[in-house]
Amino acid sequence: MSIAPDTTVVLGHRFATEVPEIALRWQAEAAPDPRLLVLNETLAAELGLNPEWLRGPDGIGLLVGTQLPADAEPVAQGYAGHQFGGYVPRLGDGRALLLGELVDTEGRLRDLHLKGSGRTPFARGGDGLAAVGPMLREYVISEAMHALGIPTTRSLSVVATGRTVQRETVLDGAVLARVASSHLRVGSFQYVSAAGESEVLRRLADHAISRHYPAAADADKPYLALLESVIAVQADLIAQWMLVGFIHGVMNTDNMTISGETIDYGPCAFMDTFDPKTVFSSIDSWGRYAYGNQPTIAAWNLARFAEALLGLIDDDQDRAVERATASLQQFPQLYSAAYAAGMRRKLGLSENVDDAAAQKLCEDLVALLESERVDYTSFFRRLAGGVVEPAFEAWAGRWRELDPDVEAMQRANPVYIPRNHLVEEALTAASAGDMELFDRLLRVVSSPYDERPGFERYADPAPEDFGNCFQTFCGT
Ligand code: AMP
Ligand code: MG
């Protein structure tokens, strides 16, 4: 006798219950002809979901939001946000839904969220939909980030809906199922704070503390501790982006999480040639979100978070500002320390190398990488393998004197990142119905440190003619 797999899905609604003011009950639009394009079986198992069941009609119904457990309460989340520096008081999930929370096999609460599931009352002029290409893009890049050890939302599946989407051309529609430790953003706090309801703001902050920073509840000033916790995780996150050459592309305050996970993979990309001014996003004509600006922008966004929390930090406005400012001032040091530690790992430097020597070496390297216009990712692996370009010889001599651990460097520097030309090639084929290149790219970037024979072209920089004109697009 075979035992039927347990297919009971329990979707909690803690967010909707605890902060109903920013949770709008809503339903996903029907998908006329759903077809599963990619499923993350490892993540499914981690969530206690049966992958085989997910591939069947009921499972796919869950993944597009049309067949939910009876007690589920899907909601569109309300939030505000500074977009490219300008405040927009009402954004919210225009084409997304929080289906609810799952308890994973380790007892952690994880949001199950859909993108591309139809218009909601927050849709404004948008159609509420998403196309296959951009949803697969989020899938592969977020999974690559996870494999690189960088905190991020995860991707569970992409399902083609059988509905068309009008963009510049007519495209196939898709729904991405995304998993996160929560979808609370700086913009969630801005939204509630602007409404002036301090009781709701306190409840939202308590919800965030309980989900992400339980220790803050016991602090002398719990809401200041919340602010400081978010400052710390974001400083660490941005340092990790910088270390792998990741450019988010739309660091609006609605795209900055309270958990410290990377969220919303729109016009993001990995930098090939090292250049702090690198911008890929077609709408970022001022370079606000250029690679080299990311730490400054993160600090700016955190100041917006602090503003939203002021009323909770101290009844006395001046004292609240003073406290919050002191906390914000910790960001540059926290960021620099995380970046310096990461650079030490990338360069294989041991604890014995003193900080000043490591920092000087690092600064000189960054200057050289920029002036020599070197491919950022492959530089470190080649260095570990003893391959050094002439312009770097003098620098490398100093580096070798510090007795670097080249074995350790293989575990700190990826061979494979989702390079723009590879992503584009995979998405073009996938959008035309062929998933083979996508599946291969996903496999490669899911084990980024293991060099594999036969995959040389996945480690190489883009051909010359590709790199210079590459742009990514928002409003996908
Ligand atoms: P994003 O740039 O993806 O972070 O989205 C910014 C805002 O625009 C969010 O409020 C989204 O819900 C909304 N949005 C983006 N695309 C669409 C769409 N096609 N339909 C409705 N709302 C959208
Ligand atoms: Mg967003």
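This is a predicted model: local features need pLDDT of at least 70, side-chain atom pairs count only at pLDDT 80 or more; totals for chains, interfaces and linings use all residues.

Modeller: R124 lies in the loop between β7 and α5. Residues are numbered from 1 along each chain as its sequence is written, chains are lettered from A and ligands numbered from 1 in the order in which they are written, and side-chain values use heavy atoms, with hydrogens and water left out.

Back to R124. Its phi is positive, about 50°, although R124 is not a glycine. Most residues other than glycine have a negative phi. R124 counts as exposed because its relative accessibility is 53%. The cut-offs, with a 1.4 Å probe and protein chains only, are under 20% relative accessible area for buried, over 50% for exposed, and partly exposed in between.

Which other residue has a positive phi although it is not a glycine? D264 does, at about 65°. D264 sits in the loop between β10 and β11. D264 has a relative accessible area of 14%, so it is buried.

D264 is the part to look at closely. Its side chain meets that of R178 in a salt bridge, at 2.7 Å from N to O. A salt bridge here is a side-chain nitrogen of Lys or Arg within 4 Å of a carboxyl oxygen of Asp or Glu. The pair joins distant parts of the chain: R178 is in strand β9, D264 is in the loop between β10 (246-247) and β11 (269-270), and the two are 86 residues apart. R178 and D264 are both buried.

The side chains of D264 and R185 form a salt bridge at 3.9 Å, N to O. R185 is in the loop between β9 and α6 (186-194) and D264 in the loop between β10 and β11, so this pair ties together parts 79 residues apart in sequence. R185 is buried, as is D264.

S181 counts as buried because its relative accessibility is 18%. Apart from residues up to four places away in sequence, S181 touches L109, R211, H212, S259 and E261. Contact means heavy atoms within 4.5 Å.

Now the wider setting. The protein is split into domain 1 (14-180) and domain 2 (186-338). These bounds come from an automatic or database domain assignment. The domain centres, taken over C-alpha atoms, are 23 Å apart. Domain 1 puts 37 residues into the contact and domain 2 puts in 38.

How much area is buried between domain 1 and domain 2? About 3000 Å², with carbon and sulfur atoms giving 59%. Buried area is the accessible area (1.4 Å probe) that two parts lose on being put together, summed over both. In domain 1, H82, F84 and P151 lose the most area to domain 2, together 22% of what that side buries.

Across this interface there are five salt bridges. In the structure as a whole, the search finds 33. E21 and R203 are joined by a salt bridge of 2.9 Å, N to O. The interface of domain 1 and domain 2 has 17 residue pairs in polar contact, both residues at pLDDT 80 or more. A polar contact is a pair of N or O atoms within 3.5 Å; within protein, one must be able to donate a hydrogen and the other to accept it, and residues adjacent in sequence count only if both atoms are side-chain atoms.

On the side of domain 1 that touches domain 2, the elements giving two or more residues are α1 (14-18), β4 (81-83), β7 (109-115), α5 (132-147) and β9 (170-180). Of these, α5 gives the most, with five residues.

Methods:
Helices (H or I, at least four residues) and strands (E, at least two) are DSSP runs, numbered from the N terminus.
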